[in-house]
Amino acid sequence: MPRTETTNRTAPRRRTRTQRLTDRALALDPGLVKTDGALRTLVAVPAGMAVGYAIATAFGLPAILGVMIGAMPAFITCLVIVDPSTGRTAARTAAVLVPFVVALAGSIALQPFRLLELVLIVVLLFLQFAAASWGAWAADAAIVGFAGYLCGLLLPLPETSVIPLGLVVAGSLAVTIVVRLLFRPDPHRALLRTRRGFVARGSDVLEASAAVLAAGTVGAAADDPRARRRALRRLGRARDRYHEIALTVDGMLAASGVDADTAAEELHRLVFDTHFAIDELGRGAGALVEHGAPSDVRHAALRAFTVVLRHGGSHGQDAAHTLLARYGITASAADEGSRTTAIVRRMAAEFADLRSAGLRWRELRDELPRRGAGVPFATPVILAGGRPAGAVPVLADAVAEGPWRRWHLTASLRTAVHAAIAVAIVEPLALLLDGSRFYWGVIGVMIVLAGTNTTHERIRKGLHRGVGTVVGGALGIVLAHLLGTTHPWVTIVLVCVLLAVGTYGFGGVYSVWAACLVVVLCQVYAFSGTFTDSLIPMRLAENLLGAAVAVLVSAVVFPIATRAVIRRAVRRQLVAVRAFVLALVGLEADDEAESGDATEADRASPHRHGPSAAGASAGNRGRGPSPAAGSATDLRAQSRAVDAATYQLDAVLRPMVRFPTGGPARADARTRASLQAAATFARESAGRLGAAPQDPPAALRGAAESLASSIAQLADGIVAGPRSATSAAVWVRVGDRLDEAVAAASGRGDERAIETAAHALGRIDEALALLADRHHATVVGAMSVGPGIIAV
């Protein structure tokens with residue numbers, strides 16, 4: 001056994017506090033996407049304010065008016081327009097000048113016609129949501145036009161002020177373009193920052209794994225089951241966060257040129273392999289504790305984790321040698337066929353793979369060109385506000401295939417109809433509450449519907465809005481009384497900083513954005529002379545009124561049952577698993593079965609809102625092949641598609657309230673467990689094989705085709721619902737065929753690969769057969785008990 005003294009001679013890694021804080025920031029914000037958005041806002045908004053102040057003063061308009069109008073287009077374009085091309089960013093920013101000025105002028109001209117003014121709000125809000133599916137340019141125009149209309153609605157201005165205000169808007173947009181050209185993103189640095197955040201999240205998993213092992217080996221904690229449960233829960237949370245950032249990073253990698261395709265594919269493989277190695281190490285550590293491995297075995301594993309945590313992933317080989325050497329002197333090592341031995345050997349292999357992945361990361365970092373199209377990473381434009389797409393594609397399926405399909409309804413059109421009806425109801429109610437502030441109810445409708453897809457999401461966002469308004473109102477009232485109007489420069493700095501902080505929180509913690517916005521509004525109302533302590537409670541009441549009406553309308557008009565959405569999420573994951581099963585033997589899924597996923601990007605686009613949302617569709621045009629679109633034999637890509645479907649299922653299954661005993665979500669939890677197990681087995685086999693075996697035995701191919709047929713029947717039965725007249729699905733177990741495949745591979749050069757593929761098919765069959773039985777499918781046959789199938 002190789003000696004490990006080199007590990008003891010190497011000085012441990014010592015990170016400074018600044019490095020630790022930087023790693024944490026990069027882990028929370030991969031590629032600093034949200035941070036870059038906040039910095040854009042922090043620079044562009046005061047620049048727009050300065051231009052607005054100068055032009056307003058030159059034309060004799062009130063200075064506060066120039067500052068407010070100058071800030072609005074700068075802020076809204078920084079928030080909405082994100083594009084991988086700086087030229088396109090500048091063009092899209094300049095193009096919104098016309099809709100903003102036209103809407104502003106129209107609202108000023110319509111001030112004497114109150115009823116028409118209110119009706120037009122309904123129309124504009126409808127267009128804002130409907131235009132989301134018409135392309136990025138149309139979405140920009142609709143969003144900015146609505147903002148311009150609100151500006152004119154709130155400010156009693158004479159028609160003669162349209163020209164100077166138009167110049168203010170033009171100047172603000174011009175300076176915003178300059179700022180964004182000066183602070184253009186650096187793809188190479190963004191890639192390195194993304195990798196560093198990814199590594200930091202991986203370190204969290206390794207630390208949590210060490211804590212799990214320590215909870216069962218150190219002192220009194222060895223007999224403390226509560227400490228072990230806490231450590232296991234922490235490990236589970238760390239693995240979930242690492243899984244999410246792995247999907248996010250994989251989505252952020254994009255090929256910006258033809259010459260970069262090979263490097264981009266290599267990056268995708270490295271992300272997958274690194275994620276797989278670290279996740280498997282965490283899973284192995286948890287398995288040792290959960291299955292009661294002896295203390296000396298857990299201590300050997302803990303020592304191996306300590307080596308990597310101290311010296312980095314490049315010492316993974318040393319960690320593997322340490323683990324095998326220390327395990328070899330334990331009593332458990334005598335049983336070669338035990339589960340403990342299998343787990344330890346698997347962990348040793350993953351430690352070695354972690355070293356290989358780390359070395360390849362370094363080589364690729366040095367090989368990447370720092371400029372030009374050869375950098376396989378464009379501006380980080382990611383779906384759904386910086387996170388993998390959650391319920392968006394699932395709801396799009398439900399709308400396209402549900403009871404309203406004959407109406408040719410799309411997800412964006414459905415939301416637009418909800419917005420129009422809800423605003424039409426809210427406006428008269430808000431006028432009765434406070435005629436001068438009725439637009440707060442309209443905003444309550446808009447914010448709840450924007451970027452949400454299910455009733456649960458909309459209720460959660462409304463609650464976040466309420467909490468943020470309460471916290472921001474308390475801070476805003478205190479600051480308004482402390483600052484008053486005697487410190488305008490302090491107020492301007494405060495407003496700009498809060499808008500930047502709010503922009504950072506917009507795509508993550510919405511209550512942070514709401515709180516910052518309310519504090520800003522308190523300062524604006526103070527300078528406009530309309531601030532009172534009762535203003536914020538009234539705003540909260542009208543916002544919640546709009547949110548409540550929006551939720552009720554979305555539940556009544558074109559309703560889609562939560563159960564139907566969940567069934568479609570389950571079907572999406574089953575379709576992805578089916579594609580993986582076929583890819584495992586070199587076959588491609590048929591187009592009909594995959595049609596639900598083919599238009600995912602188109603269906604997802606209507607609900608993109610947030611700092612990275614507006615440029616998502618344009619950014620995707622420059623992307624390389626997505627993980628879901630890989631070739632049939634690219635098992636990593638197919639496994640990533642399963643992982644993405646798992647994430648979507650989790651988003652749909654997230655309950656409004658979590659019951660300690662499981663409550664009504666208990667059956668959903670069992671469904672999720674089966675599907676998550678299938679996703680884990682798919683990832684495991686993809687990580688070990690990389691590509692499908694060449695010329696697999698006929699028995700293995702037949703087993704895969706039979707399993708794929710069973711999955712397709714189960715998917716159709718689940719999406720049809722329990723009360724459907726469709727005959728029950730039949731699940732045919734494939735254990736016998738897998739035994740034949742393993743026997744046929746005996747003596748072949750790829751015998752181990754065939755066994756691994758058969759093992760994966762057997763485990764997927766086992767997990768999904770349980771799901772089929774719970775959904776009243778007829779399960780035929782028995783699972784093989786051969787060692788080549790169920791051995792870990």
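A residue is described as buried when its relative accessible area is under 20%, and as exposed when that area is over 50%. In the predicted model examined here, Gln-128 has a relative accessible area of 8% and is therefore buried. This residue is found in helix H7, which covers residues 114-130. When residues up to four places away in sequence are not counted, Gln-128 touches Ala-142, Ile-143, Phe-146 and Met-446.

The overall architecture was considered next. The protein has 32 helices and two strands. Of its 792 residues, 54% count as buried. Among contacts between residues at least 6 apart in sequence, 82% join residues that are at least 24 apart. The accessible surface of the protein comes to about 33000 Å², and carbon and sulfur atoms account for 61% of it.

In soluble globular proteins, nonpolar side chains tend to be buried together. The largest nonpolar core in this model has 69 residues, of which Leu-574, Leu-700 and Leu-768 touch the most other members. Two or more residues of this core are given by each of several helices, including H12 (261-290), H16 (392-401), H23 (562-583), H27 (635-653), H28 (666-689), H29 (698-720), H30 (735-744) and H31 (751-774). Helix H23 gives the most to this core, with 12 residues. Leu-574 touches Leu-675, Ile-711, Leu-714, Ala-715, Ile-718, Leu-768 and Leu-771, with residues up to four places away in sequence left out of the count. Apart from this core lies another, of 63 residues, among them Val-67, Phe-438, Val-442 and Cys-522. Cys-522 has a relative accessible area of 0% and is therefore buried. Cys-78 likewise counts as buried, at 1% relative accessibility. A search of the whole structure finds zero disulfides.

Nonpolar side chains also occur on the surface. A nonpolar patch with about 910 Å² of accessible area is formed together by Leu-39, Leu-42, Val-43, Val-178, Leu-182, Phe-183, Val-493, Val-497, Val-501, Val-509 and Val-512. At least two residues of the patch are supplied by each of helix H3 (33-58), helix H9 (162-182) and helix H20 (488-506). Val-497, one of the patch residues, is found in helix H20. Its relative accessibility is 39%, so Val-497 counts as partly exposed.

Charged side chains were examined for salt bridges, and a search of the whole structure finds 19 of them. In one, the side chains of Asp-204 and Arg-24 meet at 3.0 Å, N to O. Asp-204 lies in helix H10 (residues 187-215) and Arg-24 in helix H2 (residues 17-28), so the pair ties together parts that are 180 residues apart in sequence. The two partners fall into separate accessibility classes: Asp-204 counts as buried at 12% relative accessibility, whereas Arg-24, with a relative accessible area of 35%, is partly exposed.

Another salt bridge is formed by the side chains of Glu-280 and Arg-346, at 3.6 Å, N to O. This pair links distant parts of the chain, with Glu-280 in helix H12 and Arg-346 in helix H15 (residues 339-367), 66 residues apart. Both Glu-280 and Arg-346 are buried.

A further salt bridge joins Arg-640 and Asp-643, whose closest N and O atoms are 3.0 Å apart. Both residues lie in helix H27, three residues apart, about one turn of the helix. Arg-640 is buried, and so is Asp-643. These two residues also belong to a network of salt bridges that links Arg-239, Asp-279, Arg-640, Asp-643 and Arg-683.

Finally, backbone angles were considered in two loops. Phe-558 has a phi near 45°, a positive value in a residue other than glycine. Phe-558 lies in the loop between helix H22 (535-556) and H23, and counts as buried at 12% relative accessibility. Asp-695 is not a glycine either, yet has a positive phi of about 50°. Asp-695 is found in the loop between H28 and H29. At 59% relative accessibility, Asp-695 passes the limit of 50% and therefore counts as exposed.

Technical notes: Residues numbered from 1 in each chain as written. Predicted model: local features only at pLDDT ≥ 70, side-chain atom pairs only at ≥ 80, totals over all residues. Heavy atoms only, no water. Disulfide = S-S within 2.5 Å. Buried < 20%, exposed > 50% of the residue type's maximum accessible area, 1.4 Å probe, protein only. Helix = DSSP H or I, 4+ residues; strand = E, 2+ residues; numbered from the N terminus. Contact = heavy atoms within 4.5 Å. Areas by Shrake-Rupley, 256 points an atom, 1.4 Å probe, with all protein chains shown as cover. Patch = residues over 30% accessible without salt bridge, like charges linked within 9 Å, V, L, I, M, F, W, Y side chains within 5 Å. Salt bridge = Lys/Arg side-chain N within 4 Å of Asp/Glu carboxyl O. Core = buried A, V, L, I, M, F, W, Y, C linked by side-chain atoms within 4.5 Å.
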